[in-house]
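Thanks for making time this morning.

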Amino acid sequence: MELSNPEPLDCAGVEVRFGSLKAVNGANLQVAAGEIVAILGRSGSGKTTLLRAIAGFERVAAGEIRIGGRVVESTSVSVPAHKRSVGLVFQDYALFPNRTVAANIAYGLPRGSAARVTELLRRGELEGLGGRYPHQLSGGQQQRVAVLRSLAPHPRILLLDEPFSNLDAALRLAMREELVTILRAEGMTAVLVTHDRSDAMAAADRIAVMDAGRVIETATPLNLYMRPSSKESATYAADAQFFPGVANGDTAETPLGTVRLSMPLRGGCEVLIRPEWIGVKGLGVPATVVRRRFEGAHARLVLSVPGIPEFVAVVPSWMAAEANDSFEIGVNVAVPAFATAG
Amino acid sequence: MNWAALRPARKAPAALWLPGLLAVALTFIPVFYLALRSTEDGWSPWSRAFHTSVPQLLQRSLWLAAVVALLCVAVAVPAAWLTTRADIPARRVWSVLLTVPLAIPSYITALAVVAFLGPKGMLQGWLEPLGVDRLPEVYGFWGAAFTLTCAGYPYVYLVVRAALASADTAEEEASRSLGVSPLRTFFAITLPGLVPALAAGILLSVLYTLSDFGAVSLLNYSTFTRDIFIEYQSSFDRTGAAVLGAILGLVTLLILTSELGVRSWLARGRKRRQAAVRLVPLGRWGVLALAFLSIAVSLALVLPVGVLVYWLVNGLRANADFPALAPAVRHSVEMALAGAAITVALAFPVAILSARYGGLLARAAEQAAYVTHALPGLVVALALVFFGIRYATGLYQTVWMLLLAYVILFVPNALSALRGTLVRQPANLEDAAASLGKGPLMAIATVTAPLARPGLAAAFALVFLTIMKELPATLILSPPGYQTLPGLVWSRSTDALYAGAALPALALIAVAAIPVGLLAWKGDIGALES
């Protein structure tokens with residue numbers, strides 16, 4: 001098997017402007033060779049624009065983009081998209097409707113690359129479908145063709161724009177696994193853009209959180225979830241709620257009792273306690289159930305503790321809990337805290 | 001957030017901007033020489049024109065245009081509603097029958113009207129034994145209005161039908177589900193939704209009437225175009241023709257500018273229809289509807305073709321003098337094929353530039369195209385005569401000058417048809433090609449062009465059809481002795497040799513019906529809207 005030639009990617013201070021609007025406003029992003037990084041952000045955060053700048057479809061107004069150490073995009077240099085050897089998987093796949101699956105995959109390859117096409121079809125479990133046209137495929141199959149087409153010419157980097165957004169929930173999980181398997185097998189450097197935190201967590205080695213045109217944090221999925229560096233990025237990884245507290249090094253006093261801190265801190269602070277971190281049996285702090293919302297695998301309890309706003313705990317759905325029930329709650333997880341400003 | 005609207009122009013390859021530059025330059029020729037020729041004797045010819053003929057011409061031309069527009073709307077709107085929303089039998093057949101008249105140019109309809117109702121016409125011949133020796137006057141305003149309505153309403157029909165077919169009936173359903181009666185829903189939802197299309201249709205027929213030269217000339221109704229032509233032919237000094245041409249150009253340009261505003265309004269209201277339309281059952285009214293459609297088709301299609309066939313048969317019986325048809329057919333078809341090929345080849349890169357790259361040149365090319373679109377064919381032809389006599393004597397009175405005129409006149413039609421095709425085609429397919437290592441021209445060759453093939457074919461058919469029918473530029477710029485079908489029809493018509501005119505006219509309709517039929521059959525008839 002031919003191996004691909006993954007290269008590292010380095011975006012430094014990248015700025016992309018549309019008129020007076022800065023869609024990307026000084027973004028920094030480093031991706032090591034063979035690493036999979038997810039850019040996580042809300043719509044309008046500039047994540048797709050950054051991706052398009054890396055691919056060569058947007059000019060930068062400041063900063064530079066290097067692939068394998070060579071500058072491909074800056075204010076003075078702009079390697080055209082077709083000479084960058086950067087693969088891009090489009091959100092709507094952008095399969096050529098007038099070409100068969102095999103011809104789509106072969107599009108970026110030199111003539112006489114039938115063996116490579118066959119190998120890719122086999123890897124995508126698309127044997128026998130090479131003669132079909134894109135509209136004759138299911139959504140998941142179309143996505144696989146789009147990925148294989150981009151991988152075919154051995155790009156140095158593969159970019160994926162919202163790769164799972166057009167798939168239904170069941171297919172999504174399966175495709176996530178498949179995509180990671182294919183990327184690992186090819187040893188690709190990959191950047192995928194998503195607004196879905198579980199996609200980012202499941203697929204990526206590291207997550208870059210993007211907000212208002214900047215990368216505000218880059219961390220492994222576990223660190224982003226357990227030890228985010230700021231309140232803002234804490235809200236991207238999962239549901240977040242903050243409680244006032246006073247930190248004493250390794251612990252902090254909060255309305256939910258004394259909690260262990262994942263990073264030492266002293267003084268007034270805000271403590272991140274995610275709904276699923278709250279234990280609800282015999283942990284010492286009395287709380288009353290205001291409402292209970294059943295969600296299938298788990299239930300959300302809206303709880304009230306005197307002196308602070310209502311908050312949420314996620315519990316297994318089989319747990320007996322009704323409005324007006326009282327529990328002794330607490331936190332059994334080492335949690336992050338952020339010093340109060342000023 | 002939609003960033004795409006703000007995206008700056010990308011650098012376009014030379015293979016795209018060079019044709020763009022050429023298109024702008026070509027458009028510049030008639031505008032520039034018309035301005036030059038009409039002002040080189042100073043402003044006194046202008047002031048003379050304004051003090052003599054212009055007020056009356058303006059009034060007559062605009063009055064005719066207004067009446068024709070109203071009549072066209074009166075025929076086209078019910079016809080469009082019936083063929084899209086009502087349960088009339090053979091709906092598709094009626095649609096095709098209502099669009100086929102596009103193959104018949106207005107001067108042939110005028111010829112048929114004169115040959116039917118005129119002093120030496122069919123009706124007169126039938127009624128003479130009964131003692132009727134004088135029919136109501138066919139020449140003049142009402143004859144011209146009647147003719148231009150018959151020839152022009154299919155254009156309005158296409159615009160209104162497209163609006164009705166693409167209107168989202170979900171809005172009407174929402175209105176009904178909120179407890180509003182069908183009648184109130186029609187007035188509150190359906191009709192306002194049609195207003196932009198109606199406005200566009202009215203402006204279209206106004207421009208059509210103002211640009212028309214053949215029908216008003218054959219029916220002796222004095223408008224700008226007729227007077228310009230008379231002035232051009234009769235007087236040695238052509239400044240008068242140039243001045244009138246420039247004034248007419250300014251008037252049509254003003255009208256087209258307002259049409260552009262309506263178009264952007266129209267585009268905003270356009271939606272893709274979600275569900276199948278439930279057809280309105282007509283019940284007993286169905287008979288009336290069919291009678292209406294039959295009359296509409298009779299006037300635009302059956303009358304001209306029937307009258308021409310009558311005169312042809314009559315002429316064959318009487319051994320009339322028929323012109324040699326073969327060279328005219330060959331010349332017209334050759335010119336239409338070559339003109340359509342060159343026009344589409346020039347318009348395609350410009351359309352790509354405008355649909356994909358944007359930027360100053362693309363905008364200039366679009367604007368330039370709209371300017372020529374507004375100029376009547378007669379005015380462009382006149383400007384090219386001035387250009388040819390002074391600066392391109394080698395080209396003047398050759399087929400190349402005629403081809404140049406066709407290209408200048410019809411690049412706008414091809415451009416808007418192709419631009420529509422490209423805008424509907426997803427742009428990121430070209431980005432996908434680039435990310436797979438293909439340069440911009442390779443991407444166009446392997447992705448854009450193959451996908452645009454139906455649009456290219458439709459644009460080619462459209463331009464072929466329009467060149468086949470074109471009269472004023474063909475008359476003025478054909479080399480001496482160069483026979484064309486419109487030329488033959490024209491010369492025999494003006495001499496009232498109806499049998500001799502019927503043969504080339506029927507031949508012209510037969511050839512022009514081929515692209516119309518192809519477009520209607522392919523469902524690409526929307527391309528004709530432009």
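When I speak of a domain here, I mean a stretch whose bounds come from an automatic or database domain assignment. Please keep in mind as well that what you see is a predicted model.

With that in hand, the assignment for chain A gives domain 1, covering 9–235, and domain 2, covering 239–339. If we take the centres over C-alpha atoms, domain 1 of chain A and domain 2 of chain A are separated by 37 Å. As for how they touch, seven residues of domain 1 of chain A are in contact with eight residues of domain 2 of chain A. On the domain 1 side of chain A, the largest share of the part that touches domain 2, three residues, is supplied by helix α8 of chain A, residues 231–237. Sorted by class, that side of domain 1 of chain A holds three nonpolar, two polar and two charged residues.

Let me turn now to a sheet. In chain A, four strands in the order β2-β1-β4-β5 make up an open sheet, and their pairing is antiparallel. Its edge strands are β2 (21–31) and β5 (70–73) of chain A, each of which pairs on one side only, and from one strand to the next the twist averages 35 degrees. Looking at one of these pairings in detail, strand β4 of chain A, residues 62–67, runs antiparallel to β5(A) and is joined to it by three bridges; Arg66(A), for instance, has Val71(A) in β5(A) as its bridge partner. Lying across β1 (9–18), β2, β4 and β5 of chain A is helix α1 of chain A, residues 47–55, which runs at about 115 degrees to β1(A).

Finally, some backbone angles. Most residues other than glycine have a negative phi, and with that background two residues deserve a look. His154(A) has a phi near 55 degrees, a positive value in a residue other than glycine, and its place is in the loop between α4 (139–151) and β7 (157–161) of chain A.

Notes: Residues are numbered from 1 along each chain as its sequence is written. Chains are lettered from A and ligands numbered from 1 in the order in which they are written. This is a predicted model: local features need pLDDT of at least 70, side-chain atom pairs count only at pLDDT 80 or more; totals for chains, interfaces and linings use all residues. Helices (H or I, at least four residues) and strands (E, at least two) are DSSP runs, numbered from the N terminus. Two residues are in contact if their C-beta atoms, placed from the backbone, lie within 7 Å. Ala, Val, Leu, Ile, Met, Phe, Trp, Tyr, Cys and Pro count as nonpolar, Asp, Glu, Lys and Arg as charged, and the others, Gly among them, as polar. Two strands pair if DSSP finds at least two bridges between them. Axes are lines fitted to C-alpha atoms, for helices over the stretch in contact, and angles run from 0 to 180 degrees between N-to-C directions.
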